[in-house]
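This report describes selected side-chain interactions and local backbone features. The sequence and structure are shown first.

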Amino acid sequence: MKATLFLLIAVTLNAQSGNEKLGDLLQDRALFEAVSRMKTDERIAMYQALAVAKPEDAHYQMQMAATYLQKMRETMDPDYLNRASKLVDAALSSDRNNYEALRLKSAIELERHDFPEVERHSRRLTEIAPDDPWNWGTLGDALMELGKYSDAADAYQTMVRLRPDMSSYNRAAYYRFVAGDPKGAVEIMKRAIESGSRSPENIAWCLVDLGNMELKIGHASEAEQAFQAALKLFPGYHPANAGLGRVYAQQGKTAQAIEHFRQAEDVVPLPEYAASLEDLYEAAGKPEEARQQAARLAVIEKMDQAAGFPANRNLAMAYADRGRNLDRALAMLREEMKSRRDVYEHDALAWVLYKSKRYDEAKQAGAKALELGTPEPAFYYHAGMIAKAAGDKDAAGKYLARALELNPEFHPRQAAEARAALKELSK
């Protein structure tokens, strides 16, 4: 396909004359369909060729930037984000009103977690182009991360109305889950998957989201099916392997869980993968391998800092779960809360404060995490342990019971701790 496509490009370029525009190239439907079936690396190469052939046309630079963002999604390699940013910045320095570049700027800042800037930028774009669903999507994403849930719901509703497709349904499903409606969230996420996409990774992303939702509410079989489907569609997809790792860990299939988390970590060294492997190796009686994963967390922190990401919520949670580096974990969360204030951030803060024995502050942060009734077993486990430490036995029992009601095996170690705490409270 790649050779055929570049032949078509060459023929078209050679045939052009006078007033013909290179931009007409992708208007050909057959060629457009060929592009849509290309792998991400092939699209990058194609747009590089087009950009060289027509350097004065910023459109191909922006298409290349968008494809870099897709590659970053697939690999989590920040270099692709930096490449996209350089192209967008260059386009805007030449024309500050370049709309393609302005749209991509929102996506880049989302990846950098500058959510206040994304909110400001996206609000401006909704005024410039109120009928473009992209802008309502990035606005809703920023508002979700900032904890402005009512405004986020409005933005997502507008996006769905303008274009009911995978992108808008996926966001609506996430909102419904966070807002405490897991059944509705699962139904809408299935609709997102049914809507389809030309990008296999985009569909796999939604399948992983579906699997995560199902697993959190105790539907392990359904979750496993979703993760397996994602891997079949996009082989080696690290979030899907991690999802299967969580399924098997909850089922006590330690060796299988380790294998899938190792496959995920081989692709992207995320802190949650290292933390899970540390737990699993300890459970398997392999202390040396567990120590290696503990050391990897420190390496990940250094990598994040070098890449310009000084705060990492998942890393802070990994430290808190193990009672390590609590001052550093708290500092990371305090820094991140300058631009991210959703229920997940408040839950992480509550857990770090609890581990630091700052129970009153932990209780306040935990209450904010529970405001929407988000069906996250970990939220209720954390709230229960905090209430227990604060001497509120009634609240502790209620929260711990809710965690186990959502998923009796929500975590190999913490679920057992929740049951032990409930037994202790009943004495």
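## Salt bridges

Across the whole structure, which is a predicted model, a search finds 34 salt bridges. Side chains of opposite charge can pair when their charged atoms come close. In one of these bridges, Asp-141 pairs with Arg-171, and the closest N and O atoms are 2.8 Å apart. Asp-141 belongs to helix α8 (residues 133-145) and Arg-171 to helix α10 (residues 166-178), so this pair ties together parts that are 30 residues apart in sequence. Both Asp-141 and Arg-171 are buried.

A salt bridge also joins Arg-291 to Glu-288, with 2.9 Å between the closest N and O atoms. Both residues lie in helix α17 (residues 287-306), three residues apart, which is about one turn of the helix. Glu-288 is partly exposed, its relative accessible area being 40%. Lys-54 and Glu-56 form a further bridge, in which the closest N and O atoms are 3.2 Å apart. Here Lys-54 is partly exposed at 24% relative accessible area, whereas Glu-56 is exposed at 57%.

## Aromatic pairs

A pair of aromatic rings is described by the distance of the centres and the angle of the planes. With ring centres required to lie within 6.5 Å, the count comes to nine aromatic pairs. One of them is formed by Tyr-344 and Phe-379, with an edge-to-face geometry of 5.1 Å centre to centre and 65 degrees between the planes. Tyr-344 is in helix α20 (residues 343-355) and Phe-379 is in helix α22 (residues 377-389), so the pair ties together parts that are 35 residues apart in sequence. Tyr-344 counts as buried at 17% relative accessibility, and Phe-379 is buried at 4%.

Trp-351 and Tyr-354 form a stacked pair, with 4.8 Å from centre to centre and 15 degrees between the planes. These two residues are three apart in helix α20, a separation of about one helical turn. Trp-351 is buried with a relative accessible area of 2%, and Tyr-354 counts as buried at 16%. Trp-351 and Tyr-354 also belong to one aromatic cluster, together with Tyr-359, Tyr-381 and Phe-410.

## Charges over rings

Two arginine residues are placed over aromatic rings. Arg-73 lies over the face of Trp-205, at 4.6 Å from the ring centre. The charged end of Arg-191 sits over the ring of Tyr-169, 5.3 Å from the centre of that ring.

## The surroundings of His-238

His-238 is located in helix α14 (residues 238-250) and counts as buried at 4% relative accessibility. The side chains of His-238 and Tyr-273 are joined by a polar contact of 2.8 Å. Leaving aside residues up to four places away in sequence, His-238 touches Glu-74, Met-76, Ala-264, Val-267, Val-268, Leu-270 and Tyr-273.

## Positive phi angles

His-113 is not a glycine, yet has a positive phi of about 65 degrees. This residue lies in the loop between α6 (99-111) and α7 (115-128), and counts as partly exposed at 29% relative accessibility.

Asn-325, likewise a residue other than glycine, has a positive phi near 50 degrees. Asn-325 is found in the loop between α18 (313-322) and α19 (326-336). With a relative accessible area of 44%, Asn-325 is partly exposed.

Notes. Residues are numbered from 1 along each chain as its sequence is written. This is a predicted model: local features need pLDDT of at least 70, side-chain atom pairs count only at pLDDT 80 or more; totals for chains, interfaces and linings use all residues. Side-chain values use heavy atoms; hydrogens and water are left out. Rings of Phe, Tyr and Trp (its six-membered ring) pair if their centres lie within 6.5 Å; planes under 30 degrees apart count as stacked, over 60 as edge-to-face and the rest as tilted. Helices (H or I, at least four residues) and strands (E, at least two) are DSSP runs, numbered from the N terminus. Buried means under 20% relative accessible area, exposed over 50%, partly exposed in between (1.4 Å probe, protein chains only). A charge sits over a ring if NZ of Lys or CZ of Arg is within 6 Å of the ring centre and within 35 degrees of the ring normal. A polar contact is a pair of N or O atoms within 3.5 Å; within protein, one must be able to donate a hydrogen and the other to accept it, and residues adjacent in sequence count only if both atoms are side-chain atoms. Contact means heavy atoms within 4.5 Å. A salt bridge is a side-chain nitrogen of Lys or Arg within 4 Å of a carboxyl oxygen of Asp or Glu.
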